[in-house]
Structure formats: structure tokens, C-alpha cells
Amino acid sequence: CARSLRSFGEMARASLCHPHTKSQGDISEDVEAGPKCSPWKDGTKDAKSLGQSGLEMERRCRISLGCAVSSAIVIAVGLSSLGLFLPMELMSLCRYTWMTGVLDEAARPQAKAIQHLVKNWTHASYSALLMSIGTAVDAHIAGPTNEAVDAISLVMRAENHINNSWDGNSDEGRRLVAYASWWQLLKQANTMKEGIMHFGLPTTFAMDQHADQLFTTFNTGQTVGVSAEEYASLGHETWLFEVAAPGLAMTRQSIKCATGDPRPVDENFSHDALSKPWHTVQSRYAKTALPNTTARKMWSKLFGIPFSESRDFELGISVTRPIAYCGTYDCFQGSIAATVSMRYISMLSTIALRQIQSVLTMTNDTNSNIFMVNRRSEKFPDQEGLLIGAANANHSLIQHLINATESPQPIVRATAWAILLKFGSWSADALQNMSLFTYNFDAATADPPRFEPCDADIWDHDENCRQVGTSSIALDDSTTWLVVTVMSQGGLGDTARATASQVRQTVLNFRANWEESFHKEQFIIIAIFVSMSIGSLLMALALSILVTRPLRHLTSLGALMRRLGDLDFAHEESIFMQIRSGRRSNIKEVSELQETFSRLSHCIETFALFVPEGVVRKIVQGGEKERQPQVSMRTVTIMFTDIRDFTAISETLSQTDLLWVLTRYLTAMTGVAEHYRGEITEILGDGLLVFWNTPEDVPDHATKACAAALAMQETLASLNEELQSRDFPRLSIRCGLHTGSVLSGTIGCSKKMKFGCLGDPVNLASRLEGLCKHYGVDVICSGDTYDALEQDKLQNGEETCTRTQLELATWDASREAERSRQLAAQKDAGFNFVTRKLALVQVKGKREPTWVYEVMARIGGVGRARTLSTTHPLAASLGLRTGASPDSGGGGLGLRPRSGTSVTPTAASRIPGGYHETDDFVIQCIEHKRAYESALAAYHGARFGEARELAGVVLQQWPKDTVAKLLLEQLDSMGGDTMALTEANMATWTGTVVITEK
């Protein structure tokens, strides 16, 4: 039985890979013959030619199939059960031995893994914390000061832009700057900005973000500024400082924050503004700057901020911006400075330290800290290494300029020495990036200090080992701060030690559970072995009784599979009808094969409705290659169709009526396209995408595509009569044709594929369909399609011209005078078609222009009338009424009939059946074509007056010609006949029409 099923599988694969069609008689013979005992695949040799060995093989074939199957199953089940039991038992014992050894050694690697995870967590936490501090410095310190100086500079530049003589140094100007400064500080003082500090888990915090002072100093010594003390954020008062004239003392008066009203001057004191750090940093640079040096912001050195003569100062820094209305230091007039206190650095460091202490409970203020150092200052190298701020710093720390190595906090002082000794200097390049290291605290606090790294294991709990992380914050290209975090290395290991203890206990518990589950597993394996052996023997006996009749059904399936490989679905076969009706064999495997074949046949038949038959045939007949994405370069003709004003039509119809109209329309247009050997790859709502010459070769594909486009217009006329009889609106379609080389084949990936074409020609064909609306025509083809028609003319034109001459010889004598003109006109029109050159167009998305043509009519066939002739070859295939015997309207196109394509409109065709009437229309189209192309040639030859005159003649004879109207509009927009091109313009004149819409 297994060998028979295997033979059927080989036969099915052979039928799909090398299909051949069998008639109903062939299938019947296969069924009557039944399974053959001959071991030869072709069945041509009989027992007599085989000799004694062949006779012995025939005897073996006569053994009872049920007995053979029963014996084979019993032996196989016994051997397989034994073969499964023994390896499972051995594997279970080996797994037990291995697992007990692994559990005994599990604690050691777990400890190493925990230590590795702690180190990784430490690095990640340090990185997140340092990045959070850097972001907070930018948001709460650098950001507000930069915002303040930019705002004042913007006000002053705006006033100077309005009045070039305004420089801000007058009483009125200083008062304007003073109030602008007051408003800027007041706005910042009333803003509390939230930030996020990352260490372990993110934590939000809120802190002031405002500058403390905002001063504007002129080179004449006059100064105006505003100082916002701590209580200003509570809505009280700010201080206004001013030096009204050179040499005068600075005055101070308070301003109510609520109203902005100044109070009388309450203090006068001397103030040399030109010597202040925020001004000297700009003035010194302006003196040494080269001409045309762009004015830029700079950071001053660290200095004491004097709020007044009666108060202590605080350590601060200013960001300065030059007053240079020309944008360079050539017109330097003073500086604008925003000063911020370093107490914010200490506050920010304290917030970050509290975040660490909330995660690591063993850290405290003595073994951990966060501080910042002035790492690099190109303009003030003497200030490198100054301590800017530190967590838990007292007020005196932010009132003095001290080096980090002289900090009163031991942890800060020791860490600063460790950094200096490890990296050599504060401006070392290695400190530019984030770094992590450890050092011994006792060595760093010795006299003299020493740097000793400590690689203490997290289990050792070394109190003298400190973990340090550093990260640089660049205020500008010459000033950089260093953020330093330090904490006890032992604090990092507390959680790890507790976790390791839990892991050890978990391992012990797991071993006890494992031993218990092992004994249960042994019992279950033995029970399953005995049960499977008994059950399999009983099933083998039952199966041998039911398995003696499978081969009769397999042979008929093989014959049907061979026909299915060639997409012959054998609907007329009685065997196929029995399978489709649900009749199945009693054998499960055979029944499944019959069910599978029924589904396969239905799926392939349905698949062919969605994918071109040529593609389906290749997929069914092909091997592994056909099931993979693959494309090849092919020259194809592409057609896009669309219903004109379909959106407006759909709004007037109900959903049911719209579906009926669209189905009737698509049925008719699909039949026309397939009749002319086009492959419809996609239905685009109310339009179609049709390819010729892919996936199968189609000779004269450009000719067939143009013929199909005209046939669609003709078929639509008959369809419109039927629609009108049902009170439905009439339809009008547009067709765009282009011929070009594309990548054609199956496109997609291993999971999803489709048949289609890739390349710019597809996009161009879509654009040409849109051009039909612009030019008011029904069918437009590209220059490449026109050239392809000319190529068809070279191949087939001689026979056509000979036939035309014989037909013209039978005309009435009254038309004899026009014979030569008609022959010449037909030769100019191209093979079988009248095409009118419309314009040289550059469509949207294309850089190169292309000629476009209107396909007007066919020569020797059906004319411009948009109804399908009763003698046209499509009349029979589409179910239209037929009159007299059909002519050879195919025009040598090699059309193919397609089954299942039928359109049965109720309205009769109204095209005149006489040849002379049809040819009259063709000649009229040719005259129209020649008249317009003469005007177009004059336009492209830059003879605009002549072009205007010829276009007017076209409109006189054909008033509704939109193309001629567009040409006249183009001439009018260029000046009409009064325009003349220079010799230089003549060299580049192309007459290209640029289309900006799709």
C-alpha cells in the first residue's frame, strides 16, 4: 500500500512537471485497467519478456495486500516501540546523571553571572545618570542664560532695523533694554521646569530655571541691567541697575514684579562695567579679531556675582553676546550678558545624589558624592580644575573660587586627586568621553596622594574602594565642564549578595523537585510503552481489513492530475463530477487525496481568475524556481483605463446600482482586452491595468493594444444604450498606452508574491491616461507605442496596402478623383491606425519629454463611431447582435477567443455596415490629423504666426477640438504671432508642454 501511494505521488509530480492531456476515453481505460503488477514504469514489458525473475515478481504481487500490510505493521510497531523505549530509558538516565552534576555546580556560574550583570547594570546606570545630569545642566543653567541674551539681542536688533540710528545708548534706549531685561527675567523666574533623573528607575524633579542677572554694557561705560534674587521668583521685587553716563556711579532701584513700576533710587555705588568678566571676554576678543569675523556668543570665566555692596557674592558664570548690528566684530559696541549662580549646580548634584541613595541604601554623604569641575577653558586656562558645585555643599563653597583638589569635602577632594593622577590633567582627551574606573580611597587621601585602582570583587565589600564615573558637558567650543559621580563599590554588591543567596537556595530546591519528577517520568515511560504496543497491534489488525481497495481510486486521480497540469479542469468527465459531488473512498488516505485534488482543482481554477493564465500555468508546471520572485526584461505595451467622472456618477447611484453598472462595464472591457490577447493584471476600482507581451509572447502587441483601446470605445457605445434603457447615466472612458522595456514577472517575497511589471513605462502609461482629460481625447499613446506601430507597418504594411488598393479599385466613379489622396493618407497614418501627434509633453515625475499621439481610428476596419459593428469579430464573443457575415475585422492581429467572456447588451449596434461609410470617417480623421499636425509643426518650428493661423483653421472646421484650443491658448500665453525667438532661444526651443498634474 505504501509503495502504491508512493507511486501515485511520483505520477502526480510527473503529470504536473510534464503535462499532457488525456481524453475521457484515456481516463476510462486507466480506470478499467486498474493497478498493474508490472514493475516497469511504462508498463510496456510483460511477464514473458522478463524471464524467470519477472515470473517470480508477478507471484510476489499476488500476495494478499491485507496480509502483507498487517504483518508489516505488526513488525514495524514492535520494533519502533522497542526502539523508542530503550533510547528513552538510556537518555533519561543520562539526563539524570548530567542534571545532578549541573545542579551541584550551578551556584558558581550563577555567582559569576550575577557579578557580570551587576557590572553591566552599574555601567548602564552611570551612563543614564550622567546623561540626565548633562541634560539638566543644559535645561536649567545653559538654556535660560542663552535664551535671555538672545531675547535682548533680538529686541535691540529689531529696534536698530526699524531705526538705523538707534544704538540703545540713549536714555530712552537703555530704558527699553532695561524693561526687556526685566520682563525676560520675570518670565523665567516664574517658570518651574521638570526634569528626569535616571538611576535604576527614572525620577522626576522640579527646579528653577532662570538667570540671576541680565546686563547690557556699552563701550562708553554706560550700563543697564536687572538682577533677580531668590525671592523674586515668589513674586516680590527685582533690582534695576544703571550707569546713566560715563564716569557716574551705578544706581540701584527696585521694581515691583506685579506691575513693573520702579521705585526711587535707594543706593549708589561705584561700578566699572568695562572691567567686568562678562564684558572683557567680548572686548578682548573684538580687539584681536580679524576683519569680518562673525560675532558669536562666549562664556566668561567663573567670578563672584555681587548682588549689592551690602551682600556677599556668589560664584557664577555668564554667557555673553556682542552688540554688533552689522553681524561682525568690526562694529562692536558692547555686550549683553546673562549670569547664573553656581548654587544651581550644587542643587542639581544633590538631587542626583538623593536618587542614588534611594536605590543603593548603603551609600551615604561620606562615601558618595556628585560634583562638577571646570575641565577645559581655552580662554582662561588658570581656571581649569576649579570646583563649580557639589552635592551637600555649604554656602561658603559657592562663594569662593577653589580647586576641586582643595575641596573641604574629603570624598570630593580624594576623587579629584584620583582623576588628576589617572589622566594627568583636567583637559586630557581621555576625559572627553564617558569613563568608569575605581580607586582606593586611602591611597588618594594619603600624603602625597596616590592613584591605586581596586578590582575588588562585589562579594568582598571593600569600604575603601570607590566607583567613579565621568562625563564632559560642552558649554561651547572652548569651555567644558566635567560631571563626576563617585560611590562606594561595596554598596553596589549588597543587592547582588542577597540575590546570590536566594539563587543557591533555589538551586537546592530545584534538585529535590527534579529527583522526584525523574521517578515519575520513569513510571510514565513504561506505561506509555505498554499501552502503545497493545493499541498499535489492535490498530494494525483493523487497518489491514480496510486497506485492500485503495488503488482503484488512485489511477483515476492520476489521469485527472495530468490534465490539471495543463489547466484542463475536465469538467465534462464523470469521474471529476463524482469527486466534486462529494463521493469519497472509505480509506482515509485515499479520501484525503480525493479531497485534496478537489480542493486543488478548485483553487487553481479560482486562482486563474485572479492571475493571468500564463502565470498560473508556469506556476503549476514549474519547479522550485517558479515559486520564487523572479523577473525578466521584456518589451511590453501597457494600458491604463479609467471612467471619466466616475466619482460624480457613483454619487447619483445607489450601492446596488453602482455595483451592477461597474460589473457590466468591467465584464465588457475585460472581454475586449482578453480578445486582443491582453493580460489584465489589476482592476483599479473603475479602471483596468492591462499588459501585452507578458507573461506570454504576443506578436504585434502594440497594434493589438491600440485595436483593443478603440474596440473598448466601440463596445462602450452599445453598453451605454443598455444603461440608458435602464435610466442609468452614460459612461465614457479614457485609455493611456505606452510601450517600453520593464521588469516583468513575479514580484514580492517568499511569503507574498504577485505578477506585475516594474519600471518607469508603467508610470508613464498611467500619466498618459490622465493626459486624455487634459487634451479632451479618448485614447492616447506614447511615441514609443507609435514607433512600435510603425515597426508593425514595416512587417505587415505591404500586404495591407495591396488589399486597400484592390478595394479602392471597386469604388464608384464619382470618387475616382480622391483615390490618390486616400492612398497617400493611409500610408501616412501608420499600419491599420490613424494617429494624430498631439504634443511634446513632459509629464510629472519625468525629466525627458515624450511625444504623445491620439489614436483616432482604424484603417480598413471599424471607424471612429463608438459602437461595436455587428460585423466586428468581437460581436460574437461578446454576445452582441450580428448582422451579415462577419468580415476580417481582426486585421491580421492573431486574436484569440477566451471562454467565459461574454457581454450581452440589449441595444442593437448602429454602425453603418458599408465599407464606404466607414472609410469616409477614416478619411475625415486623416484630414483632421494633417490639419492639426501642420499647425503643431509650425509651432515647434517657432513659426508662431503660421501656427496660430493653422490652428484657427482647425477650429473653424472642427470647433470642438480641445487639442487645437490648447495650442491656441499656448500661443496666446506666449504672445501669439508677435513673439519672435532670438538665435540663442531658437537653439534651445523644443516646444515642450510641461504637465504639473498627474
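Mentor: We will go through some peptide bonds and some phi angles.
Mentor: This is a predicted model, where local features need pLDDT of at least 70, side-chain atom pairs count only at pLDDT 80 or more, and totals for chains, interfaces and linings use all residues. Residues are numbered from 1 along each chain as its sequence is written, and side-chain values use heavy atoms, with hydrogens and water left out.

Trainee: OK. What is the peptide bond from Asp-447 to Pro-448, cis or trans?
Mentor: That bond is cis, and its omega is near 0°.

Trainee: And where is Pro-448?
Mentor: Pro-448 sits in the loop that runs between α10 (441–444) and β15 (465–474). Helices are DSSP runs of H or I with at least four residues, strands are runs of E with at least two, and both are numbered from the N terminus.

Trainee: What about the bond from Thr-694 to Pro-695, cis or trans?
Mentor: The Thr-694 to Pro-695 bond is cis, with omega near 0°. Pro-695 lies in the loop between β19 (687–692) and α18 (701–725).

Trainee: Which loop holds Asn-693?
Mentor: Asn-693 is in the loop between β19 and α18. Asn-693 is not a glycine, yet its phi is positive, about 75°.

Trainee: Is Asn-693 buried or exposed?
Mentor: Buried, with a relative accessible area of 12%. Buried means under 20% relative accessible area, exposed over 50%, and partly exposed in between, using a 1.4 Å probe and protein chains only.

Trainee: New topic. What is phi at Asn-292?
Mentor: Phi of Asn-292 is near 65°, which is positive in a residue other than glycine. Asn-292 belongs to the loop between α7 (277–288) and β8 (298–299).

Trainee: Why does Asn-292 count as exposed?
Mentor: Because its relative accessibility is 60%.
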